[in-house]
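Work through the exercises below with the structure open. Try each task before you read its solution.

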Number of protein chains: 2
Amino acid sequence: MSDLPRHVEIHEEGPREGFQIEPGPIATADKIKLIDALSETGLKHIQVCSFVNTRLVPGWADAEAVVAGFTARPGIEYTPLFFNGNGLERALAFKDKLTINGAISLTASEGFTQKNLHRSHAENLEAMRKHALLQASKGVPVTRIGVMAAFGCNYQGDITPAQVIGTLKDGLAIAAETGAKIELFSLADTMGWATPARIERVIGAVRNHWPDMKLSLHLHDTRGMAVANAHAGLKLGVTRYDSTVGGLGGCPFAGQPKAAGNICTEELVLLCEEMGIQTGVDLDKLIEVGRLAEEIVGHQLPSELIHAGSLDAFRRKAA
Amino acid sequence: MSDLPRHVEIHEEGPREGFQIEPGPIATADKIKLIDALSETGLKHIQVCSFVNTRLVPGWADAEAVVAGFTARPGIEYTPLFFNGNGLERALAFKDKLTINGAISLTASEGFTQKNLHRSHAENLEAMRKHALLQASKGVPVTRIGVMAAFGCNYQGDITPAQVIGTLKDGLAIAAETGAKIELFSLADTMGWATPARIERVIGAVRNHWPDMKLSLHLHDTRGMAVANAHAGLKLGVTRYDSTVGGLGGCPFAGQPKAAGNICTEELVLLCEEMGIQTGVDLDKLIEVGRLAEEIVGHQLPSELIHAGSLDAFRRKAA
């Protein structure tokens, strides 16, 4: 009945996703403190910052200072996010400390591409072709195709598995043209449309076309389905997940500053470990970091688990 | 691969669970307003109040006024909660308006029974035998065995499937002795220990012993697993779920007044409807009631969906 993996690869995006969206300014020292604390939990992949237009995203104006400031531990991959040549240049200045992975980032929804990037899908393909060439020219390996809005879109409604397949084919065409060797498809539920049934349909369709491609899920808990969606992914043997400690990254709706963000890393770890799937993460330490994140942002985070405590903590008390 | 049901029976417990736990006094008129609003959503089972010791649970001192005040709609079952003879008498005073279902309520954890009821499991069995006889003597059918802490316990740690089976056997022995005809086992994750894997193990064990018994799940979202657990239950063909609108019923931890409570009815409905499982509920109306519940309690509720809005609302906009 299942293809349960024996272990999963968790990509922590709390620092990057979280501090991008918080309304108040977060001190550089606090960002560094969180990254250093995450490095102690057993996580092996931490996205530490976003090299983006500082006018549009003032929360990451201090990206350079954060990267300079945190302490890199051996065996942990620290990654930046970047979208264009300027961001890539800023990232490359830290190429000794950061792992810089290239990507072809597409969106399965034309409506979202228009709204978010002010481009048509065709224009975005052209931009991504140039960006793939640029990354290759800088020696950055382009190994990943990312598909945003792969499960539905606030602007376009339902997204069919065929639209996701079409988008991946577009990405593979760019890869072929630019000499990129794709090793991973990352499917993002950017606006919280996924449900377990939809995860099964989309992943089933992708697997039909590319049975051996490694898959990653980037899940948002916008409508409370993220953990159930991760569970559906695990049952299908998906071995890589993005997540954020504490559930950092909530999109502040009008009057709802505590709306849910990404799937919480702690809850993902609990889910996996209780299924016998290894994460390599010390959950009690991670819960402490979730509480630290809550202190840093100064308001309650969506994670239920950081408020309730781990099962192991109660097991030890009961023993 | 699955035994997906075609429809599920949702038992809304928001008014009872929610108003029991809220720290501030909730006006009787507001409780009535919420029940009347729930009656318009398509829900067919609504637990409206708790007839409990008003000194211990001041939030339900107005149970009689609430029951007298709401407008009963045809086709909807309105139920009370009660634990002893006094509560049953108070409920029976409204037997024309309320559906009074009897139960044998046990706990799979001796530690929780001691802590919560100040009784040993053996003493609790004796109390339940007397309570079953009393219910029968009043003409209240005892058709349900409830098992609290069926998936784990903060005081005792893990609970094995064998302990759940033993507790159900104890309940069936009481039923046999007191002439009760049991039609339903209700398994409660009272302290948020369940994970999908554990749901599968416990339900598998119960089904091995009683393949034809109807099962119900009462899930709490204490550690963020509730929707994933409901999904595991649906995959196993469980057709009945308790839930609360907005996720009312959060257990206020020290300094964490917004800690999670029961599984949110809206999120359960979304999960089911997107899997093609009928609930009979109008989700957009229910989301409005969740927002009303939030207004009534005066603070944000755990439901993510009431903040994000339904998929159908966005589908209509996108169309």
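**Exercise 1. Find the residues through which H8(A) and H9(A) meet, then describe the crossing.**

Step 1. Look at the contacts. Two residues are in contact if their C-beta atoms, placed from the backbone, lie within 7 Å. From H8(A), Pro196(A), Ile199(A) and Glu200(A) take part. Their partners in H9(A) are Ala228(A), Asn229(A), His231(A), Ala232(A) and Gly233(A).

Step 2. Sort these residues by class. Ala, Val, Leu, Ile, Met, Phe, Trp, Tyr, Cys and Pro count as nonpolar, Asp, Glu, Lys and Arg as charged, and the others, Gly among them, as polar. The contact of H8(A) with H9(A) has four nonpolar, three polar and one charged.

Step 3. Describe the geometry. Two packed helices are described by the angle between their axes and the distance between the axes. The axes of H8(A) and H9(A) come within 8 Å and cross at roughly 35°. Axes are lines fitted to C-alpha atoms, for helices over the stretch in contact, and angles run from 0 to 180 degrees between N-to-C directions.

Step 4. The crossing of H8(A) and H9(A) is right-handed. A crossing is right-handed if the near helix is turned clockwise from the far one by less than a right angle, and left-handed if anticlockwise.

A note on the model and its labels: this is a predicted model, where local features need pLDDT of at least 70, side-chain atom pairs count only at pLDDT 80 or more, and totals for chains, interfaces and linings use all residues. Residues are numbered from 1 along each chain as its sequence is written, and chains are lettered from A and ligands numbered from 1 in the order in which they are written.

**Exercise 2. Work out how chain A and chain B are related, and what each brings to the contact.**

Step 1. Locate the axis. In chain A, Ala228(A) comes closest to the rotation axis, with its C-alpha at 1.9 Å.

Step 2. Count the contact residues. Chain A gives 44 residues and chain B gives 44 residues. Helices H8, H9, H10, H12 and H13 of chain A each supply at least two residues of the side that touches chain B. Helices (H or I, at least four residues) and strands (E, at least two) are DSSP runs, numbered from the N terminus. By class, this side of chain A has 21 nonpolar, 14 polar and nine charged residues.

Step 3. Compare the two sides. 100% of the interface residues of chain A are also interface residues in chain B, so the copies meet through the same surface.

**Exercise 3. Is H1(A) largely enclosed or open, and what covers its buried residues?**

Step 1. Apply the test. A residue is buried if 20 or more other C-beta atoms lie within 10 Å of its own, exposed if 12 or fewer, and partly exposed in between; C-beta atoms are placed from the backbone.

Step 2. Count. Six of the eight residues of H1(A) are buried, so this helix is largely enclosed by the rest of the structure. They are Gly14(A), Pro15(A), Arg16(A), Glu17(A), Gly18(A) and Phe19(A).

Step 3. Name the cover. It includes E1, H2, E2, E3, H10 and H11 of chain A.

How values were computed: Copies are superposed by least squares on the C-alpha atoms of residues with pLDDT of at least 70 in both.
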